[in-house]
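Welcome to this short tour. Please open your viewer and keep the selection panel at hand.

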Amino acid sequence: MALERNGAYSRAILAWQIETALKKPPKASPQGHDHNHCIEDAIAAAEKLCATKGLRFTPLRRRVLELVWSSHKPVGAYALLDELRNEELGSAPPTIYRALDFLIENGLIHRIERMNAFVGCSHPGENHRGFFLICGECGNAEELQSEGVADTIVASASRRGFVARDMTLEVTGTCADCRRSA
Ligand SMILES: [Zn+2]
Ligand SMILES: [Zn+2]
Ligand SMILES: [Zn+2]
């Protein structure tokens, strides 16, 4: 079955991606965009946001943000710890977790609960009322904005007397690129 072969292939690729996710970003991602621009934009947006809010964008916070942005695949804390172990930025786990907390609190990255991993925010500084499309084949997580979805949930929750504070909706499936190459 072609499907089975494809599944085995995807798993092999996934293992390879986990190993190489934190190496130097490739020039072009599978979507054919220049990912270096994504990283540069993310760092520039973080610098601007920190300057506006009077927050310190320390070298470690910057480095952690860069590593989370190595690709559009969510990155786990252990992979980050591994990568930072050999760098001289004060890479003790509590320090790195604090840097992650800082980036989350300021809307620069998001935590993908089901993967226990982190992904860069594609529109930092704006409100975060969207959802993630997570591809089970390539592992990319795409962030979409939808006030309507969030409003519906907040309204349903409030009818139950529940005050919704925070939500990260995670939708799994297969992305357009993976469907094309299947
Ligand atoms: Zn990119
Ligand atoms: Zn976001
Ligand atoms: Zn995909």
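Accessible areas here come from the Shrake-Rupley method with a 1.4 Å probe. With that in mind, start with the whole protein chain of this predicted model: it exposes about 11300 Å², and carbon and sulfur atoms supply 54% of that area. Of its 182 residues, 34% count as buried.

**Stop 1: the overall fold.** Walking from the N terminus, the elements come in the order α-α-α-β-α-α-β-β-β-β-α-β-α. If you show contacts between residues at least 6 apart in sequence, 53% of them join residues at least 24 apart.

**Stop 2: the zinc ion.** Select ligand 1, the zinc ion, and then its protein donors: His33 through NE2, His35 through ND1, Cys38 through SG and His72 through NE2. These donors lie 2.0 to 2.3 Å from the zinc ion. What arrangement do the four donor atoms make? The angles they subtend run from 100 to 122 degrees, so the arrangement is tetrahedral; the cut-off asks that all angles lie between 85 and 135 degrees.

Now look at where the donors sit along the chain: their spacing reads H-x1-H-x2-C-x33-H. Cys38 belongs to helix H2 (residues 35-53), while His72 is in the loop between helix H3 (59-68) and strand E1 (75-76). The two are 34 residues apart, so this pair links distant parts of the chain. Is Cys38 buried or exposed? Its relative accessible area is 17%, so Cys38 is buried, as that word means under 20%.

**Stop 3: the hairpin.** Next, select strand E2 (residues 109-112) and strand E3 (residues 117-120), which run antiparallel and are joined by four bridges. Ile112 in this pair stands opposite Ala117 in E3. Four residues lie between the strands of the hairpin, and there Asn116 takes a positive phi near 50 degrees.

**Stop 4: the three-stranded sheet.** Finally, colour the open sheet whose strands are ordered E5-E4-E6, with mixed pairing. Strand E5 (141-145) and strand E6 (169-173) each have a single partner strand and stand at the edges, so one side of each is left without a neighbour in the sheet. From one strand to the next, the twist averages 25 degrees.

Zoom in on strand E4 (residues 130-135): five bridges join it to E5, and the two run antiparallel. To pick out one facing pair, select Gly130, which stands opposite Gln145 in E5.

Conventions
Residues numbered from 1 in each chain as written. Chains lettered and ligands numbered in written order. Predicted model: local features only at pLDDT ≥ 70, side-chain atom pairs only at ≥ 80, totals over all residues. Heavy atoms only, no water. Pairing = 2+ DSSP bridges. Axes fitted to C-alpha atoms, helices over the stretch in contact; angles between N-to-C directions. Donors = N, O, S within 2.8 Å, 3.2 Å for Na, K, Ca; no water. Tetrahedral: all angles 85-135°; square planar, octahedral: opposite > 155°, others 65-115°. Buried < 20%, exposed > 50% of the residue type's maximum accessible area, 1.4 Å probe, protein only. Contact = heavy atoms within 4.5 Å.
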